[in-house]
Amino acid sequence: MKLHLTDGFNFLSKLTPQRAFNAAQVVSSYLVSKVTGKAVHWGLPLSISLEPTTSCNLRCPECPSGLRSFTRPTGMLPDELFKSTIDQLHKRLLYLIFYFQGEPYLHKNFLELVKYASGKGIYTATSTNAHYLDDKTARKTVESGLDRLIVSIDGTTQETYAAYRVGGKLDKVLEGTRNIINWKKKLKSKTPHVMFQFLVVRPNEHQLQDVQQLAQELGVDEVVFKTAQIYDYEQGSPLIPTIDYYSRYKNNGDGSYTIKNKLLNHCWKMWHSCVITWDGLVVPCCFDKDAEYRQGDLKEHSFKDVWRGPKYNKFRQTLLGSRANIEMCRNCTEGTKVWA
């Protein structure tokens, strides 16, 4: 609990008067839009996800990066594009997630970009498969000012881990985690807050207690159980857990499955956050893996022009009218994490 509070206080320390005012603008515009049914927006995002790269070293079966199934190009986030975006947003932006698709540490300047954002007082987080956290990189990670490091660990034995993290080595994940924790101690740093993220699927659901014990042994700060998004779920999947609590899908008893989440005609994410791909495309949220619902291009327009533009406003209005008419939203399962 103390570690959770430390991370919470660190997050709140990033809140400036300008960011607080922006948060009030975002919340009020969302509530007005929800009540009136007319899309309005008076602020800028509280958080963004920025994609360092679409490249990945693993081949996870429900991930477009792992499957190499993108129609959009694979590439690396240009430093200039990143800095320009941060310069436009940093006074109001509170939370920056350095992740969308791909493995962030494959970007050669990744930690320099983290350092740039951290220097602007933004809370920074990333998600990694931890295969590239050698001793030198672990030290640079701690020194970068990264606030949160999410380590994907979907099994406590190599066999179980590799059932989903295809091509991965559990020993590398544990070694990288140890390196980070060791350097936190050596540098007397409270950051990054290290989290184990365990994607619950049928092959690993028997190891929920094991991963909590492993995290405690290593000195990991927190464990999060994440429910899995399955693309072809209607007739079931060998990845859907048998433990109903950790499944996004309801077993109808006749071999068919439906999404548990009710598709309501509003979405907080459309007002408080967005995703920016490595090549500058602004998309509504992390469910748009292939950037089909691109709202603008930061290589051509400023962020504010995209965020407040007619195309984005029309998208929000469509969502308020009928979310079921947006293909991306039909497999949406808001509330995807279960905290340990």
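**Notes on the predicted model**

1. Helix α1 spans residues 2-12 and contains F9. The model is a predicted one, and the remarks below should be read with that in view. F9 is exposed, its relative accessible area being 58%. Together with L5, L12 and L15, F9 makes a nonpolar surface patch of about 420 Å².

2. Which residue is the salt-bridge partner of K14? The side chain of K14 meets that of D147, with an N to O distance of 3.7 Å. K14 belongs to the loop between α1 and α2 (17-36), while D147 belongs to the loop between α6 (135-144) and β4 (148-152), so this pair ties together parts that are 133 residues apart in sequence. Both partners fall under the 20% limit for burial, since K14 has a relative accessibility of 15% and counts as buried, and D147, at 2%, counts as buried as well. With a cut-off of 4 Å between nitrogen and carboxyl oxygen, the 3.7 Å contact of K14 and D147 qualifies as a salt bridge. A search of the whole structure finds 9 salt bridges, and two further examples are taken up in the next points.

3. R165 is placed in the loop between α7 (158-164) and α8 (170-186), and D154 in the loop between β4 and α7, so the pair ties together parts that are 11 residues apart in sequence. Are these two residues buried or exposed? R165 is buried, with a relative accessible area of 13%, and D154 counts as buried at 0% relative accessibility.

4. The cavity search gives 2 cavities of 30 Å³ or more. The second largest cavity has a volume of about 30 Å³, a value that a reader may wish to set beside the 30 Å³ used as the limit in the count. The lining of this second largest cavity consists of A130, H131, Y132, L133, D134, K172, E175 and G176. By residue class, the lining divides into 3 nonpolar, 2 polar and 3 charged residues.

5. Most residues other than glycine have a negative phi, and most peptide bonds are trans. A130 is found in the loop between β3 (123-128) and α6, and it counts as buried, with 1% relative accessibility.

6. Where else is a positive phi found in a residue that is not a glycine? A291 has a phi of about 55°, and its place is in the loop between β10 (281-283) and β11 (296-297). A291 counts as buried, at 0% relative accessibility.

7. The peptide bond that joins T191 and P192 is cis, with omega at about 0°. P192 lies in the loop between α8 and β5 (193-200).

8. R178, found in helix α8, is partly exposed, with a relative accessible area of 41%. R178 and D135 are 43 residues apart in sequence, and their C-alpha atoms are 9.2 Å apart in space. Q212, for its part, is found in helix α9 (residues 208-218) and counts as partly exposed at 33% relative accessibility. The C-alpha atom of Q212 is separated by 9.7 Å from that of F198, a residue 14 residues away along the chain.

Note on methods: Residues are numbered from 1 along each chain as its sequence is written. This is a predicted model: local features need pLDDT of at least 70, side-chain atom pairs count only at pLDDT 80 or more; totals for chains, interfaces and linings use all residues. Side-chain values use heavy atoms; hydrogens and water are left out. Patches are made of residues with over 30% relative accessible area and no salt bridge: like charges are joined within 9 Å, nonpolar side chains (Val, Leu, Ile, Met, Phe, Trp, Tyr) within 5 Å. Accessible areas come from the Shrake-Rupley method with a 1.4 Å probe; for residues, only the protein chains shown count as cover. Helices (H or I, at least four residues) and strands (E, at least two) are DSSP runs, numbered from the N terminus. Buried means under 20% relative accessible area, exposed over 50%, partly exposed in between (1.4 Å probe, protein chains only). On a 1 Å grid over the protein atoms alone, a cavity is a set of points where a 1.4 Å probe fits but cannot get out, and a pocket is an open set with protein on both sides within 12 Å along at least five of seven lines; lining residues have an atom within 4 Å of a point. Grid points are joined across faces, edges and corners, and a volume is the space filled by probe spheres set on the points. Ala, Val, Leu, Ile, Met, Phe, Trp, Tyr, Cys and Pro count as nonpolar, Asp, Glu, Lys and Arg as charged, and the others, Gly among them, as polar.
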